[in-house]
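Hi everyone, thanks for coming along. Let me put the structure on the screen, and then we can walk through a few parts of it together.

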2 protein chains.
Amino acid sequence: MPSAEVPRRRVRGFQHERELVRKFWKAGFAAVRGPASGAKVKVAVQPDVVAIKDGLVLVAEVKTMSRRSTLYVRREQVERLKEFAKRAGGRAYLAVKVIGEGSWRFVPVDTLPTTKSGNFRIDGEVLAKYAVRFEDLVRAFDTRSRRLDEYLRS
Amino acid sequence: MPSAEVPRRRVRGFQHERELVRKFWKAGFAAVRGPASGAKVKVAVQPDVVAIKDGLVLVAEVKTMSRRSTLYVRREQVERLKEFAKRAGGRAYLAVKVIGEGSWRFVPVDTLPTTKSGNFRIDGEVLAKYAVRFEDLVRAFDTRSRRLDEYLRS
């Protein structure tokens with residue numbers, strides 16, 4: 001049981017992160033969930049999930065939304081995620097759990113449209129245009145071609 | 001402040017893990033601390049620290065000991081760490097904080113001597129023979145030669 005001190009909303013967040021770690025693990029990845037720092041001060045950048053397969057690295061912040069809703073993500077959070085991915089030589093994604101459908105969509109942060117204030121905005125249209133399904137993401141990591149490797153590190 | 005439900009010993013453990021994540025981050029790595037699952041059920045394998053630099057991956061369990069003491073590590077813990085490293089295409093270490101000296105030593109689990117019961121045993125002699133200093137570890141990750149890359153993934 002989680003501590004009663006942890007807010008309910010945050011607890012649900014953990015569950016989604018755990019679910020995603022399990023999915024990556026089952027797909028043959030090494031996957032780790034970042035620390036549950038919650039309200040505490042974060043040390044450096046700690047993504048929600050880091051998944052690795054044979055040196056190919058994926059880092060993600062986990063979000064939930066419905067097809068009809070709009071999700072805003074603060075620019076700082078995306079920048080921190082990008083910095084982590086840059087150091088790791090990997091790719092940064094927003095891992096979006098689509099409530100209602102129960103499926104996951106992965107939006108590469110590099111192609112993410114920004115609002116006028118520089119924050120990021122995701123809605124059903126953005127998901128349809130930019131997001132990748134879990135199965136396709138996993139398949140991309142399975143292709144051990146030199147070309148993919150270069151693509152992922154570019 | 002950590003929750004009062006978290007045992008004191010475990011809190012000190014977190015502090016060492018945080019310190020190590022900071023050290024790796026300062027050295028240019030992307031580094032993440034595993035979740036503070038404590039008494040809770042661990043999802044898959046969750047190492048204490050994962051540090052990555054340009055696709056080169058290091059996973060570690062964090063331990064503390066003094067030069068004169070002997071540290072025993074359960075075989076299952078080492079096997080889980082190895083499995084994570086294998087999937088990630090990285091290397092597994094026990095990151096030992098040497099109390100008194102205040103320094104870190106990294107023992108590659110592949111070369112770790114076992115007891116008759118198959119568990120692992122670390123003392124001052126093992127540290128002297130097998131352990132690597134933080135600075136040397138970082139330097140090895142800085143060499144971007146193909147040779148090192150192959151060595152680390154072998």
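Buried here means under 20% relative accessible area, with exposed over 50% and partly exposed in between, using a 1.4 Å probe and protein chains only. Helices (H or I, at least four residues) and strands (E, at least two) are DSSP runs, numbered from the N terminus. As a reminder, an α-helix has 3.6 residues a turn, so residues three or four places apart point the same way.

Before I go on, a word on the ground rules: this is a predicted model, where local features need pLDDT of at least 70, side-chain atom pairs count only at pLDDT 80 or more, and totals for chains, interfaces and linings use all residues. Residues are numbered from 1 along each chain as its sequence is written, chains are lettered from A and ligands numbered from 1 in the order in which they are written, and side-chain values use heavy atoms, leaving out hydrogens and water.

Back to our helix. The 14 residues of α2(B) should span 20 Å at 1.5 Å a residue, and the end C-alpha atoms are 20 Å apart, which agrees; the expected span is 1.5 Å times one less than the number of residues. After α2(B) comes Gly89(B), with a positive phi near 70 degrees.

Now, the sheet in chain B. Its 6 strands form an open, mixed sheet in the order β1-β2-β3-β5-β6-β8; strands pair if DSSP finds at least two bridges between them. At the edges stand β1 (30-33) and β8 (132-133) of chain B, each with a single partner strand, so one side of each has no neighbour in the sheet. β1(B) runs antiparallel to β2(B), residues 49-53, with 4 bridges joining them, and Arg33(B) sits opposite Val49(B).

Over to chain A, with its 5 helices and 8 strands. How many residues of strand β6(A) are buried? The count is 6 of the 6, residues 103-108, so β6(A) is largely enclosed by the rest of the structure. On one side we have Ser103(A), Arg105(A) and Val107(A), and on the other Trp104(A), Phe106(A) and Pro108(A). β6(A) is joined antiparallel to β5(A), residues 91-99, by 6 bridges, with Val96(A) opposite Arg105(A). β6(A) also runs antiparallel to β8(A), residues 132-133, through 2 bridges, and there Phe106(A) faces Val132(A).
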